[in-house]
Amino acid sequence: MECGLPTQLSFSAREIADGTFFKAIEDYDPDSKRLLYQLEKSYHRDPVFNPLTPWDRPPIKNVFCIYGIDSKTEVGYYFAPSGKPYPDNWIITDVIYEIEGSLFSRSGNLVEGNPGTTSGDGTVPYHSLSWCKNWLGDKVNIIRAPQSEHDGSDVQVQLNVDHHHGEDIVPNMTRSPRTKYITYYEHAESISGKRTAVWELDKANHRNIVKSPVLMREVWLQMWHDIHPKAKSHFVTKAKRGPLRDDDCYWDYGKARCAWPEYCEYRYAFGDVHLGQSCRLKSSSSDLLFHYV
């Protein structure tokens with residue numbers, strides 16, 4: 001408060017990282033000098049590991065960067081002095097969220113700013129999650145496919161998309177509001193013997209993504225593809241995703257039969273308590289996996 005009038009200051013993440021924020025509030029917060037000292041000592045002066053600087057691609061053969069998107073994620077805050085001593089000298093008066101390519105405050109107002117093309121995973125903002133897109137090469141193949149089992153009719157493909165370092169890659173692809181997708185960004189040409197891939201899973205939560213059956217299926221299929229002696233492509237095909245386990249078969253009540261009749265059949269076993277449990281694969285998983293070589 002100056003002359004009885006409130007002053008509002010705005011800072012980006014970069015200005016917090018480089019110390020501009022702490023220098024600007026020295027008159028408002030005496031503890032900022034200590035925080036600025038710790039920032040310079042533990043981060044800026046560290047010649048080996050400064051997590052505030054951008055990371056280069058790790059020098060390993062295969063890099064798969066996998067994260068969730070399109071969830072409401074905190075990206076900013078409004079603070080105000082509380083008049084109380086440290087550590088209660090600041091209070092949060094509002095929160096800014098990114099969701100579906102826009103910024104909104106906790107109170108529901110639209111906020112001006114620079115949101116990403118989509119939102120983060122509920123914990124980490126999209127700008128941070130998608131940093132590893134910078135590790136992709138000059139030409140990138142982009143594929144968007146449904147997360148659930150599909151026959152390939154809803155798969156969208158863009159090959160050899162130009163990628164300029166430091167810029168995001170935004171696919172020109174459609175989205176059905178009723179469908180959760182995986183968007184794959186794959187590159188394996190310009191760096192000899194090395195592959196880089198980015199997988200974005202719609203509505204996959206930060207903390208629960210490792211428990212996602214969809215993610216486990218994709219990782220398992222990619223590993224199966226990589227160890228198979230007859231594999232010719234750099235990445236596993238996304239052309240279709242049929243059932244691979246008995247648990248993937250289910251009862252289609254609209255058609256009064258097991259879904260995916262090409263792969264699944266009704267085969268009752270003692271202990272089944274509903275129709276879906278009696279839907280089982282017609283053939284073994286090993287036979288079905290040859291579609292993904």
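This is a predicted model: local features need pLDDT of at least 70, side-chain atom pairs count only at pLDDT 80 or more; totals for chains, interfaces and linings use all residues.
**Stop one: the hairpin**

Select residues 90–99, which are strand 3, and residues 102–105, which are strand 4. The two strands run antiparallel to each other and are paired over 4 bridges. Together they make a hairpin with 2 residues between the strands. Pick Glu100 in the turn: its phi is positive, at about 55°.

Now show the side chains of strand 4. In a regular strand, side chains alternate between the two faces of the sheet. Leu103 and Ser105 make up the covered face of strand 4, while Ser102 and Phe104 are on the uncovered face.

**Stop two: the second largest pocket**

Select Ile69, Asp70, Thr118, Arg175 and Asp202. Of the 22 residues that line the second largest pocket, these lie nearest its centre. Strand 7 (181–187) and strand 8 (195–202) are the elements that each give two or more residues to this lining. The pocket's volume is about 330 Å³. Colour the lining by class to find 9 charged, 8 nonpolar and 5 polar residues.

**Stop three: Ala188**

Stay with strands 7 and 8 and move to the loop between them, where Ala188 is found. Is Ala188 buried or exposed? Its relative accessible area is 11%, under the 20% cut-off, so Ala188 counts as buried. Display its contacts, leaving out residues up to four places away in sequence: Ala188 touches Lys194, Arg195, His234 and Phe235.

Finally, draw a C-alpha to C-alpha distance from Ala188 to Phe11. The two residues are 38 Å apart in space and 177 residues apart in sequence.

Conventions
Residues are numbered from 1 along each chain as its sequence is written. Side-chain values use heavy atoms; hydrogens and water are left out. On a 1 Å grid over the protein atoms alone, a cavity is a set of points where a 1.4 Å probe fits but cannot get out, and a pocket is an open set with protein on both sides within 12 Å along at least five of seven lines; lining residues have an atom within 4 Å of a point. Grid points are joined across faces, edges and corners, and a volume is the space filled by probe spheres set on the points. Ala, Val, Leu, Ile, Met, Phe, Trp, Tyr, Cys and Pro count as nonpolar, Asp, Glu, Lys and Arg as charged, and the others, Gly among them, as polar. Buried means under 20% relative accessible area, exposed over 50%, partly exposed in between (1.4 Å probe, protein chains only). Two strands pair if DSSP finds at least two bridges between them. Contact means heavy atoms within 4.5 Å.
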